Amino acid sequence: MRPQIIDRSRDQEFMRLALELAAEGAALGEVPVGAVLVQHGQVIGQGFNRPIIDSDPSAHAEMVAIRAAAKSASNYRLPGSTLYVTLEPCSMCAGLIVHSRVARVVYGALEPKAGIVQSQGQFFSQGFLNHRVMFEGGVLAEECGTILSEFFKARRAKGQ
C-alpha cells in the first residue's frame with residue numbers, strides 16, 4: 001500500500017470556513033460547531049450543529065456535513081476526504097467518520113468532556129476498526145475555543 005501524501009496547505013482556510021458555519025449555528029441558538037468535508041480540494045459537504053432546529057439528536061455538524069457530502073458524491077463512502085471540524089468529535093461522530101471512510105480529520109478545539117479522538121480516548125487508534133483515520137487537532141484552536149466559550153458565556157448571562 002502506498003503512503004498517502006497529506007496536503008496541509010489549506011487546513012486553516014477550510015477551518016475558517018468551518019468557523020463561519022459555527023457562527024451561523026450560534027446565531028440560530030445552536031452550540032457553535034461547524035464542519036466542512038473536502039475531497040480533491042473541493043468542499044463537497046458542510047454543516048453546523050442543528051439538533052435543536054431539526055429536533056434530531058444526531059444532527060451534529062459532522063453528521064450534517066458527511067450526509068451532505070455523501071449525497072453530493074452519490075456514495076456512502078468518502079475515500080480520500082478530509083473533515084474539518086471546529087471541535088474534537090464525539091463517539092457518535094467518530095463512528096460515522098470511520099463508516100464513511102473519511103481519510104483524515106482536522107479539528108480545532110479539544111472537547112475535554114466528550115471528545116473521543118484525544119481527550120477521552122483514542123478511538124481512531126483502536127485495533128478493532130477496519131478503517132484507519134488520520135487526525136490532527138489544534139488547527140485554529142484558539143478561535144475555535146473562543147466561539148464556544150463566548151456562546152456559553154452569553155447563554156449563562158441570559159440565565160439559560
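I take buried to mean under 20% relative accessible area. The model I am reading is predicted.

**Entry 1: helix H4**

I looked up which residues of H4 are buried. They are Cys-93, Ala-94, Gly-95, Ile-97 and Val-98. I then checked what covers them. The cover includes helix H3 (61–73), E3 and strand E4 (104–109). After H4 comes Arg-101, with a positive phi near 65°.

**Entry 2: the annotated site**

I took the two cysteines in turn. Where is Cys-90? I found Cys-90 in the loop between strand E3 (81–87) and helix H4 (91–99). Cys-90 has 16% relative accessibility, so I count it as buried. I left aside neighbours within four places in sequence and listed its contacts: Cys-90 meets His-60, Ala-114 and Ile-116.

Cys-93 sits in helix H4. Its relative accessible area is 0%, so Cys-93 is buried. Not counting residues up to four places away in sequence, Cys-93 touches His-60, Glu-62 and Met-63.

**Entry 3: H1 against H5**

Two packed helices are described by the angle between their axes and the distance between the axes. I looked up both for helix H1 (residues 11–27) and helix H5 (residues 141–157). The angle is about 5°, and the axes lie 10 Å apart. Angles under 35 degrees count as roughly parallel, so H1 is roughly parallel to H5.

Which residues meet here? From H1 I listed Met-15, Arg-16, Leu-19, Ala-22, Ala-23 and Ala-26. From H5 I listed Glu-143, Cys-144, Ile-147 and Phe-151. I sorted the contact by class: eight residues are nonpolar, two are charged and none is polar.

**Entry 4: positive phi**

Most residues other than glycine have a negative phi. I looked at two residues with a positive value.

His-40 has phi near 55°. I found His-40 in the loop between strand E1 (34–39) and strand E2 (42–48). Is His-40 buried or exposed? At 73% relative accessibility, His-40 counts as exposed.

Ser-55 has phi near 50°. This residue lies in the loop between helix H2 (51–54) and H3. Ser-55 is exposed, and its relative accessible area is 67%.

Methods
Residues are numbered from 1 along each chain as its sequence is written. This is a predicted model: local features need pLDDT of at least 70, side-chain atom pairs count only at pLDDT 80 or more; totals for chains, interfaces and linings use all residues. Side-chain values use heavy atoms; hydrogens and water are left out. Axes are lines fitted to C-alpha atoms, for helices over the stretch in contact, and angles run from 0 to 180 degrees between N-to-C directions. Helices (H or I, at least four residues) and strands (E, at least two) are DSSP runs, numbered from the N terminus. Angles under 35 degrees count as roughly parallel, over 145 as roughly antiparallel, 65 to 115 as roughly perpendicular and the rest as oblique. Contact means heavy atoms within 4.5 Å. Ala, Val, Leu, Ile, Met, Phe, Trp, Tyr, Cys and Pro count as nonpolar, Asp, Glu, Lys and Arg as charged, and the others, Gly among them, as polar. Buried means under 20% relative accessible area, exposed over 50%, partly exposed in between (1.4 Å probe, protein chains only).
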